[in-house]
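This report goes through one protein chain, from its overall dimensions to single residues.

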Amino acid sequence: YTAMYASSDERIKEYVKGCILLNAAGRFRDPEAIEDTSTPNPIIESISAAIQRFVIACSFVYTKQPMRIEQILRQVYPINDSNVDSELVESIL
């Protein structure tokens, strides 16, 4: 948004020739690359899915710990963290 605004601002129009926006969230593909059309191995896919579920479950358990929630709250309120208490942590859980 800021880049589009800057490129259309009359005060600096003489210095800006245009604006190019890229989708940073998307993947860039080589148009000349050959796509892999092989069938994936179902055993490898199920092992990979199981590992992903395990990692997600572990990270969920870690982030739901009261000590971790308190640590994050103290980082969010670094100037005055006196309001971070067990009642606040319990309300989040």
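## Overall form

The protein chain has a radius of gyration of 24 Å, whereas a compact globule of 93 residues would have one near 12 Å. The radius is taken over C-alpha atoms, and the globule rule is 2.2 Å times the number of residues to the power 0.38. This is a predicted model, in which local features need pLDDT of at least 70 and side-chain atom pairs count only at pLDDT 80 or more, while totals for chains, interfaces and linings use all residues. Residues are numbered from 1 along each chain as its sequence is written, and side-chain values use heavy atoms, with hydrogens and water left out.

Taken along the principal axes, the box filled by the C-alpha atoms of the protein chain is roughly 55 × 55 × 15 Å. Of the 93 residues in the protein chain, 6% are buried (buried means under 20% relative accessible area, exposed over 50%, partly exposed in between; 1.4 Å probe, protein chains only). The protein chain exposes about 8,900 Å², and 59% of this area comes from carbon and sulfur atoms. Accessible areas come from the Shrake-Rupley method with a 1.4 Å probe, and for residues only the protein chains shown count as cover.

The protein chain carries 9 positive and 13 negative charges, whose mean positions are 2 Å apart. Lys and Arg count as positive and Asp and Glu as negative, without His and the chain ends; each charge is placed at NZ of Lys, CZ of Arg, CG of Asp or CD of Glu.

## Helices and the cap of α2

The secondary structure comes to 4 helices and 0 strands, in the order α-α-α-α along the sequence. Helices (H or I, at least four residues) and strands (E, at least two) are DSSP runs, numbered from the N terminus.

Helix α2 covers residues 42–63, 22 residues in total, and reaches 31 Å from its first C-alpha to its last, close to the 32 Å expected. The expected span is 1.5 Å times one less than the number of residues.

Asn41 caps the N-terminal end of α2, with a side-chain oxygen 3.1 Å from the backbone nitrogen of Ile43. A polar contact is a pair of N or O atoms within 3.5 Å; within protein, one must be able to donate a hydrogen and the other to accept it, and residues adjacent in sequence count only if both atoms are side-chain atoms.

| Residue | Relative accessible area | Class |
|---|---|---|
| Lys17 | 81% | exposed |
| Leu22 | 66% | exposed |
| Asn41 | 37% | partly exposed |

Leu22 and Ile72, 50 residues apart in sequence, have C-alpha atoms 33 Å apart. For Asn41 and Ile69, the C-alpha distance is 40 Å at a sequence separation of 28 residues.
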